[in-house]
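Thanks for coming. I will take one structure today and walk through it in a few minutes, so please have the viewer open.

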Amino acid sequence: MSQTEQPSLLAGFKEFITRGNVIDLAVAVVVGAAFSSIVNSVVNGIINPLVGAFGTKDLAGYSSCLKGPCAVDSKGETVSGIHILWGSVLSATLTFLITAAVVYFLMVLPMARYLARRAAKQEAPQTAEPAAAKNEVNVETDEITLLRDIRDALVAPRSGGAG
């Protein structure tokens, strides 16, 4: 029984792996991981120093004490008080916004424009075909009418002379 179940499991696994969606997702994850290192270097190399011109160089250094005097030991752990690390949240938010902007403007928007142009090109021949078909019907109708007139003109003298 296990031998008959193994091929079906392997076949199912093979089908799952070779689906286009799974492969596309794997490529997207790899590209996204590489892209995140670029965004992190932009944030750490450009954004943080610009923000650092007004305060500390590292955004993670911005924090507030919510309750009581905050004391931090040599390891960087809060010993007393409630320490709010809003600088790290700001840094993560900036990283997200930069990533979203780059993905939108460099990937989503150009792809949407490309797909719109492609759809317009596909619709143009389709709209031209019904017009061409309509013209063909009109030509056929005109030709049929003309042929009937010619036939009637040829048949009329015969019927008139015979009667």
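Let me start with the cysteines. Cys 65 and Cys 70 form a disulfide, with their sulfur atoms 1.9 Å apart. A disulfide is a covalent bond between the sulfur atoms of two cysteines. This is a predicted model, so read the distance as a property of the prediction. The link of Cys 65 and Cys 70 is right-handed, with 90° about the S-S bond. A search of the whole structure finds one disulfide.

Is Cys 65 buried, exposed or in between? Cys 65 has a relative accessible area of 36%, so it counts as partly exposed, since that class lies between 20% and 50%. Cys 70, at 26%, is also partly exposed.

Now the overall layout. The protein chain has three helices and two strands, and from the N terminus on the order is α-α-β-β-α. Of the 163 residues in the protein chain, 6% are buried. The accessible surface of the chain comes to about 13,100 Å², and carbon and sulfur atoms account for 66% of that area. Taking contacts in the protein chain with a separation of 6 or more, 33% are between residues 24 or more positions apart.

Next, the strands. Strand E1 covers residues 64-72, and strand E2 covers 78-84. E1 and E2 run antiparallel and are joined by five bridges. What does Val 72 pair with in E2? The bridge partner of Val 72 is Thr 78. Further along, Lys 67 stands opposite Ile 82 in E2. Five residues lie between the strands of this hairpin, and in the hairpin Gly 76 takes a positive phi near 90°.

Which residues make the nonpolar patch? They are Leu 66, Ile 82, Ile 84, Trp 86 and Leu 90, and the patch is about 450 Å². Strand E2 and helix H3, which spans 86-162, each supply at least two residues of the patch. Trp 86 lies in helix H3. Its relative accessibility is 39%, so Trp 86 counts as partly exposed.

Ser 88 is found in helix H3. With a relative accessible area of 34%, Ser 88 is partly exposed. Leaving aside its neighbours within four places in sequence, Ser 88 is in contact with Leu 59 and Ala 60. Ser 88 and Ser 63 are 25 residues apart in sequence, and their C-alpha atoms are 8.5 Å apart in space.

To recap for the notes: the disulfide joins Cys 65 and Cys 70, strands E1 and E2 run antiparallel, and the nonpolar patch takes at least two residues each from E2 and H3. That is what I have on this one.

Note on methods
Residues are numbered from 1 along each chain as its sequence is written. This is a predicted model: local features need pLDDT of at least 70, side-chain atom pairs count only at pLDDT 80 or more; totals for chains, interfaces and linings use all residues. Side-chain values use heavy atoms; hydrogens and water are left out. Helices (H or I, at least four residues) and strands (E, at least two) are DSSP runs, numbered from the N terminus. Buried means under 20% relative accessible area, exposed over 50%, partly exposed in between (1.4 Å probe, protein chains only). Contact means heavy atoms within 4.5 Å. Accessible areas come from the Shrake-Rupley method with a 1.4 Å probe; for residues, only the protein chains shown count as cover. A disulfide is a pair of cysteine sulfur atoms within 2.5 Å. Patches are made of residues with over 30% relative accessible area and no salt bridge: like charges are joined within 9 Å, nonpolar side chains (Val, Leu, Ile, Met, Phe, Trp, Tyr) within 5 Å. A salt bridge is a side-chain nitrogen of Lys or Arg within 4 Å of a carboxyl oxygen of Asp or Glu. Two strands pair if DSSP finds at least two bridges between them.
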